[in-house]
Amino acid sequence: MHDNLRACDHIWLNARIASMDPAVDREYGDLENYALGTKAGFIHALVPMSEAVELNSSVSCTDLHQQWVTPGLIDPHTHLVFAGNRANEFEQRLQGVDYQTIAQQGGGIQATVRATRELCEAELYELAKQRLQSWLSEGVTTIEIKSGYGLTLADELKQLRVARQLARTLPVRVKTTLLAAHALPPEYQHDADAYIDFVCHTILPAAVNQGLVDAVDVFCETVGFSKAQSQRVLLTAEQLGLSVKIHAEQLSNQQGAAMAASLGALSADHLEYLDEGGVKAMQAAGTVAVLLPGAFYFLREKQLPPIELLRQYQVPIALASDFNPGTSPLASLRLMLNMACTFFRLTPAEALAGVTRHAAQALGIADECGMIKVGMKADFCCWDIDHPAELAYMVGTHSLRSRVLGGQVVSA
């Protein structure tokens, strides 16, 4: 038996592996008929079955019978922790009421803020826990969760604590992002600069001191915060040692992506109105483009992200659900794969890279997750499919056979 396999805690045999490793010169990084060995939570061996002979009976093994293995799926942009819903606004928009009118009537983000503030931490946790099951059932092993529906010190920290609790109590990795600069709270309706001061001087330091936050995000848009205000938040975050990202160019071109890229942002997200200058800035900085086809679909947008420019400049493209109650109430990362192919004309291989390798890069964990490769965390999924393209092609079927986190089967 191959020496690396001898040292493994567990071996998965007869696997077809879509490694998503660009060093493997095939579309999905295909490794046909392989054995995958794990040790202490990491991938320790990838060996052709022809070399996996004379297995030591003391090594635990699972025969996959030619199931496909992919990296665990990663959703790098969600707003999972919130209270209430806005189905009534969905009805209003279908009847022709515009978003501004809904907001003036107390709807929009402020409706979710009110509902989220009213619930205690335990109640928010139970709601988020129930929702998160949808991601786990589809093969997600890592998910990003943002705050942004509290907009006070106590309520922003409350959301982040819930996200941390989900990671402790469920078999999933969670990255937390502070999005206090999501909208202007009612207490600061006529003084956005004062609220940005509050975010920078009070909320951000408190989140860092309590160990609740991995990265900081900001909504840079005409209906959000200006480029200058957004830059203040991101610069403060960097001074506190945090990674940064940005909601940018969703409804208009505010040059937010280029600004965030100049600060070394992990990602810029949405990007329907991104121009070539912004693409170049992202390429130079290694900033990932996170596309959100669910919001594009739900808002019935017409402006497509600049896919060809992103390809031309080789900017990594990640995909995410943007799950939230107002503009993307779609709790399915698999659906995002299909939408990215149908709306944005990504290939199925690009889409799968978008929820594995590139999604990991968007969260700053590309050296740990997102590929089937020796030395990476043993987070992977086993699928009863004939080809990896099926993951983007077919929605709602139950093709996941097992989800493995840190070398342990956590659902099957």
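Visitor: Is His 247 buried or exposed?
Guide: His 247 is buried, at 4% relative accessible area (buried is under 20%, exposed over 50%, with a 1.4 Å probe and protein chains only). This is a predicted model, where local features need pLDDT of at least 70, side-chain atom pairs need 80 or more, and totals for chains, interfaces and linings use all residues. Numbering starts at 1 along each chain, and side-chain values use heavy atoms, without hydrogens or water.

Visitor: Where is His 247 found?
Guide: In strand β10 (a DSSP E run of at least two residues, numbered from the N terminus).

Visitor: What does His 247 touch?
Guide: Beyond neighbours within four places in sequence, its contacts (heavy atoms within 4.5 Å) include His 77, His 79, Lys 146, Asp 217, Cys 220 and Asp 269.

Visitor: What joins the side chains of His 247 and His 77?
Guide: A polar contact of 3.3 Å (donor and acceptor N or O atoms within 3.5 Å).

Visitor: OK, new topic. Which residues does UniProt list for "binding site"?
Guide: The unreviewed entry gives His 77, His 79, His 247 and Asp 322; such annotations may be inferred rather than shown by experiment.

Visitor: How many residues do they span in sequence?
Guide: They span 246 residues, yet no two of their C-alpha atoms are more than 12.5 Å apart, so they gather at one spot.

Visitor: Back to His 77: buried or exposed?
Guide: Buried, at 0% relative accessibility. Setting aside neighbours within four places in sequence, His 77 is in contact with residues including Glu 144, Lys 146, His 247, Asp 269, Leu 292 and Asp 322.

Key: Helices (H or I, at least four residues) and strands (E, at least two) are DSSP runs, numbered from the N terminus.
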